[in-house]
Amino acid sequence: MNGKQLLSLTLVRLKQVVGLYAFVFIPMWGMFYLNKIALFGLWNIFGIVPRTLDVGSLIGVFASWTMHGNFAHLMGNTLTLIQILFVFGLFENNAYRTTLKLIVASGAVTWLIGSPLSIHIGASGLCFAMLGFMIGGALFARRWGYLLACIVMGAGYWLIIKQGLMPQQGISFAAHFGGLCAGLLVGANSKHRYAETVV
């Protein structure tokens, strides 16, 4: 790849970063304020209720990442996603498709392993799924860009994982652990064409 091609690819990927921010943050922030102003908090009742087959819980598998209890909850997930989405936008061929896969996978695993009679909301499952994807891609799929990102941002990411996997009152361990496991699995199977050995 020559300099001109590298510059062109970099510009394409930076545009993808901007698009990915819009793709994730507009629904997250839009639904937070719509829920607060017009829906009187009712959107959050559609969170994930583990192993429950009602419509509300199934909506949660796909949409719980747009539900947040308060502004601090929303901001915490937003600050984490700003960093991770930037890396995704740079290294993924189709970051939108990968993000959708991780939303569904993390929601499904949370639905499977969560405590009964609990409700799970927030984008932290997606955050952990994306972290797991990066780690799985780096370790098992030879995604060297993600390996570099894990090394450069390692201390911060490992702190997030460590804190998130410590059971705490009011924090969804199932979403964090489930998201991480889902991300590891998807990431481990994410080898790109350029990572394959030609014989």
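## Helix α1 and Tyr 33

Tyr 33 lies in helix α1, helices here being DSSP runs (H or I, at least four residues) numbered from the N terminus. With a relative accessible area of 35%, Tyr 33 is partly exposed; buried means under 20% relative accessible area, exposed over 50%, and partly exposed in between (1.4 Å probe, protein chains only). Tyr 33 and Phe 71 stand 38 residues apart in sequence, and their C-alpha atoms are 9.6 Å apart in space.

This is a predicted model, in which local features need pLDDT of at least 70 and side-chain atom pairs count only at pLDDT 80 or more, while totals for chains, interfaces and linings use all residues. Residues are numbered from 1 along each chain as its sequence is written, and side-chain values use heavy atoms, with hydrogens and water left out.

## A nonpolar surface patch

Leu 34 is also placed in helix α1, which covers residues 3–37. Leu 34 counts as partly exposed because its relative accessibility is 40%.

Leu 34, Leu 39, Phe 40, Leu 42 and Ile 45 make a nonpolar surface patch of about 520 Å². Patches of this kind consist of residues with over 30% relative accessible area and no salt bridge, with nonpolar side chains (Val, Leu, Ile, Met, Phe, Trp, Tyr) joined within 5 Å. Accessible areas come from the Shrake-Rupley method with a 1.4 Å probe, and for residues only the protein chains shown count as cover.

## The salt bridge

A salt bridge is a side-chain nitrogen of Lys or Arg within 4 Å of a carboxyl oxygen of Asp or Glu, and the count by this rule is one. The side chains of Arg 143 and Glu 92 form a salt bridge, at 2.5 Å from N to O. The pair links distant parts of the chain, 51 residues apart: Arg 143 is in the loop between α5 and α6 (144–152), and Glu 92 is in the loop between α3 (71–91) and α4. Both residues, Arg 143 and Glu 92, are buried.

## The cavity

A search of the whole structure finds one cavity of 30 Å³ or more. A cavity is a set of points, on a 1 Å grid over the protein atoms alone, where a 1.4 Å probe fits but cannot get out; lining residues have an atom within 4 Å of a point. The largest cavity holds about 120 Å³ of space, a volume being the space filled by probe spheres set on the points.

Its lining comprises 15 residues, of which Ile 48, Ser 64, Ser 106, Gly 122 and Gly 125 lie nearest the centre. The elements giving two or more residues to this lining are α4 (95–113) and α5 (124–140); α4 gives the most, with four residues. By class, the lining has eight nonpolar, seven polar and no charged residues. Ala, Val, Leu, Ile, Met, Phe, Trp, Tyr, Cys and Pro count as nonpolar, Asp, Glu, Lys and Arg as charged, and the others, Gly among them, as polar.

Definitions and conventions
1 Å grid on protein atoms, 1.4 Å probe; cavity = no way out; pocket = protein on both sides within 12 Å on 5 of 7 lines; lining within 4 Å. Patch = residues over 30% accessible without salt bridge, like charges linked within 9 Å, V, L, I, M, F, W, Y side chains within 5 Å.
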